[in-house]
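Welcome, and thanks for taking a look at this one with us. Below is a short briefing to read alongside the coordinates.

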Amino acid sequence: MKQLLLGNAAVARGLYEAGCQIISSYPGTPSTEITEEAAKFKEIYCEWAPNEKVAVETAFGAALAGKRAFAGMKHVGLNVAADPLYTASYAGVNAGFVVGVADDPGMHSSQNEQDSRHHAIASKIPMIEPSDSQESIDFIKLAYEMSEKFDTPVLFKMCTRIAHSQSIAETGERNEQPVKPYVKNIQKNVMTPANAIRKHPIVEQRNKDIAVWSESCGLNKVELCGSSKIGIITHSTSYQYVKEVFGDKVNVLKLGLVNPLPENMIRDFASKVEVLIVVEELDPIIEDFCRTLGLKNEIHGKDILPICGEFSQNLLRKNLKAYLPENQNISEEKAFNLNLELPVRPPIMCAGCPHRGIFYVLSKMKLNVMGDIGCYTLGAAAPLCAMDMNLCMGASVSSLHGWNKALPENEKNSVCVIGDSTFVHSGITGLATIAYNQSNSTVIVLDNSITGMTGHQQNPTTGKNLYGDPAGKVDLEALARAIGINRVVVVDPYDLAACEKVLKEELAVEEPSLIISRRPCALLKEVKPKPALFVNDDKCRSCKMCMKIGCPAISMKEGKAKIDATLCVGCGVCTQMCAFSAIS
């Protein structure tokens with residue numbers, strides 16, 4: 001049956017059809033929907049793991065037990081998972097084991113533009129990359145066949161545009177897989193140095209065998225145009241841009257297996273053209289490989305295409321038009337200028353966001369704030385500007401410890417903030433080092449009872465699993481005390497006075513402390529908004545104090561504060577800002 005499928009939904013469908021039985025993932029844009037969609041198939045057990053490392057280890061264990069398994073994450077999550085992944089390359093698999101990773105060129109929801117192909121090369125693991133929803137289904141099934149054929153984990157790379165765009169795909173039936181018997185094999189599966197050193201040559205030979213197989217595996221394809229002397233080598237979403245802009249007017253080698261690369265296929269393709277252009281987003285991995293082959297072609301890549309940011313049809317049309325044959329005219333698409341100065345619309349915390357109150361107090365107290373990854377990173381935006389650093393998941397806690405060890409005199413005016421999901425992901429060990437190595441650090445867990453930034457996924461602190469069923473729940477207060485933090489206090493971020501009082505108290509003490517800023521996300525279905533607030537124009541003195549919290553429901557119109565009743569959830573934070581009782 002043909003369907004219009006989101007790329008991530010197509011991957012999930014492919015997992016279903018391939019007979020995958022176990023999925024463990026950590027939510028991360030643009031990969032999240034793969035696991036959410038897969039959870040709709042009753043034949044597949046799905047779960048959210050505390051972090052990507054745990055997800056990969058869980059999926060590896062399931063594959064070792066004999067069931068096809070999958071772990072999903074975004075590109076920066078692959079960094080967290082790299083430790084088990086690189087060694088899983090040596091150990092190999094029993095049943096098929098696929099790790100899905102979604103890159104984010106353009107950094108739509110990420111802190112870097114990392115190219116995950118480097119991980120494939122460094123870990124010596126094959127990487128497959130689809131260019132549309134149909135290939136997402138077909139290639140994931142091939143990934144499992146490849147995994148079992150070559151005794152290897154397989155990396156399956158998506159990117160934002162393929163993950164979050166829709167195209168027609170034909171779905172099939174599930175190929176139910178028998179459980180592969182587990183046979184104890186210490187030399188294969190126990191990676192002590194003595195065993196691992198014998199596995200390394202096997203991994204090298206495996207990659208040579210895969211490279212030979214790649215020449216005819218069907219993942220790579222050649223599209224020849226008889227009259228053109230231009231050849232484009234491309235992959236993923238770049239292939240779609242090439243086809244949309246140039247149609248069939250150039251020769252194309254489209255790569256679906258991006259590690260290892262098919263040397264003979266590239267040589268043969270290059271022999272049929274004069275000019276070779278490599279179109280790939282981010283790093284010049286394919287281009288650099290082509291340059292090592294000693295090809296006699298004129299080769300272009302990053303000399304005419306950017307190394308930063310996403311590509312687009314217009315970018316290719318502009319940068320590559322000069323390399324087309326003279327008799328092939330690619331017309332410029334007309335652009336229409338509306339001659340309007342549209343206002344900038346930066347991302348902002350939602351109306352009623354529980355993080356807004358605590359960030360206002362942090363800003364008011366002029367504290368140094370080590371930040372972390374989550375929707376609360378928006379606390380760095382104006383007008384709050386209440387964040388000094390943002391690095392990676394969990395880094396706020398460890399960085400605060402290092403900051404305070406380096407500058408003990410700053411202990412009384414420095415804190416860190418971290419979300420509940422992020423804390424479980426990788427903040428616990430940072431808190432442990434604070435307790436163990438005794439810096440007078442004040443850690444604030446922003447507990448909004450959900451994983452907010454990626455779309456309201458459950459996590460180990462919510463008491464519910466991926467399906468919304470009751471699950472084990474981490475008690476943050478008990479956990480902190482078990483680690484060695486004696487001072488643990490819970491505060492309501494809607495109560496500004498209480499937040500300020502608690503912060504002053506905890507910063508004053510000569511020992512580590514944990515503040516839990518606890519209130520559910522205002523967008524959760526079970527959180528019922530209160531009646532919207534309104535401004536009494538007669539009492540409003542136009543002081544603009546209410547604007548300092550950056551609430552999108554509040555604006556100034558004709559010199560008076562106004563509250564948009566369609567946005568306001570009645571949190572009451574702004575009423576605490578107004579000295580004239582104009583908001584009620």
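Just after helix H14, Lys366 takes a positive phi of about 55°. The model is predicted, so please read every value here as computed from it.

**Helix H14**

- Helix H14 covers residues 355–364, and eight of its 10 residues are buried, so the helix is largely enclosed by the rest of the structure.
- The buried residues are His355, Arg356, Gly357, Ile358, Phe359, Tyr360, Val361 and Leu362.
- What covers these buried residues includes three strands, S15 (368–370), S16 (414–419) and S17 (442–447).
- Helix H18 (496–508) and strand S19 (513–518) are also among the elements that cover the buried part of H14.

**His355, a residue of H14**

- His355 is found in H14, and at 3% relative accessibility His355 counts as buried, because the cut-off is under 20%.
- Which residues does His355 contact, leaving aside its neighbours within four places in sequence? They are Met349, Cys375, Tyr376, Leu446 and Asn448.

**The whole fold**

- The protein has 18 helices and 21 strands.
- Its radius of gyration is 27 Å, close to the 25 Å that the globule rule gives for 584 residues, so the protein is as compact as a globular protein of that length.
- Taken along the principal axes, the C-alpha atoms fill a box of roughly 80 × 65 × 50 Å.
- Of the 584 residues, 54% count as buried.
- Among contacts with a separation of 6 or more, 74% come from residues 24 or more positions apart.

**Cavities**

- Rolling a probe the size of a water molecule over the atoms shows where empty space is left.
- How many cavities of 30 Å³ or more are there? The count comes to five.
- The largest cavity holds about 120 Å³ of space.
- The largest cavity is lined by 17 residues, and Gly352, Cys551, Cys568, Cys571 and Cys574 lie nearest its centre.
- By class, the lining of the largest cavity divides into 13 nonpolar residues, three polar and one charged.
- The second largest cavity has a volume of about 90 Å³.
- The second largest cavity has 14 lining residues, of which Cys540, Cys543, Cys546, Ala561 and Cys578 lie nearest its centre.
- The lining of the second largest cavity has 11 nonpolar residues, one polar and two charged.

**Cysteines and disulfides**

- A disulfide is a covalent bond between the sulfur atoms of two cysteines.
- A search of the whole structure finds zero disulfides.
- Cys225 is in no disulfide, and the nearest cysteine sulfur, that of Cys290, is 20 Å away.
- Is Cys225 buried or exposed? Cys225 counts as buried, at 12% relative accessibility.
- Cys574 is buried, with a relative accessible area of 6%, and both Cys571 and Cys574 are among the residues nearest the centre of the largest cavity.

Key
Residues are numbered from 1 along each chain as its sequence is written. This is a predicted model: local features need pLDDT of at least 70, side-chain atom pairs count only at pLDDT 80 or more; totals for chains, interfaces and linings use all residues. Side-chain values use heavy atoms; hydrogens and water are left out. A disulfide is a pair of cysteine sulfur atoms within 2.5 Å. Buried means under 20% relative accessible area, exposed over 50%, partly exposed in between (1.4 Å probe, protein chains only). On a 1 Å grid over the protein atoms alone, a cavity is a set of points where a 1.4 Å probe fits but cannot get out, and a pocket is an open set with protein on both sides within 12 Å along at least five of seven lines; lining residues have an atom within 4 Å of a point. Grid points are joined across faces, edges and corners, and a volume is the space filled by probe spheres set on the points. Ala, Val, Leu, Ile, Met, Phe, Trp, Tyr, Cys and Pro count as nonpolar, Asp, Glu, Lys and Arg as charged, and the others, Gly among them, as polar. Helices (H or I, at least four residues) and strands (E, at least two) are DSSP runs, numbered from the N terminus. Contact means heavy atoms within 4.5 Å. The radius of gyration is taken over C-alpha atoms; the globule rule is 2.2 Å times the number of residues to the power 0.38.
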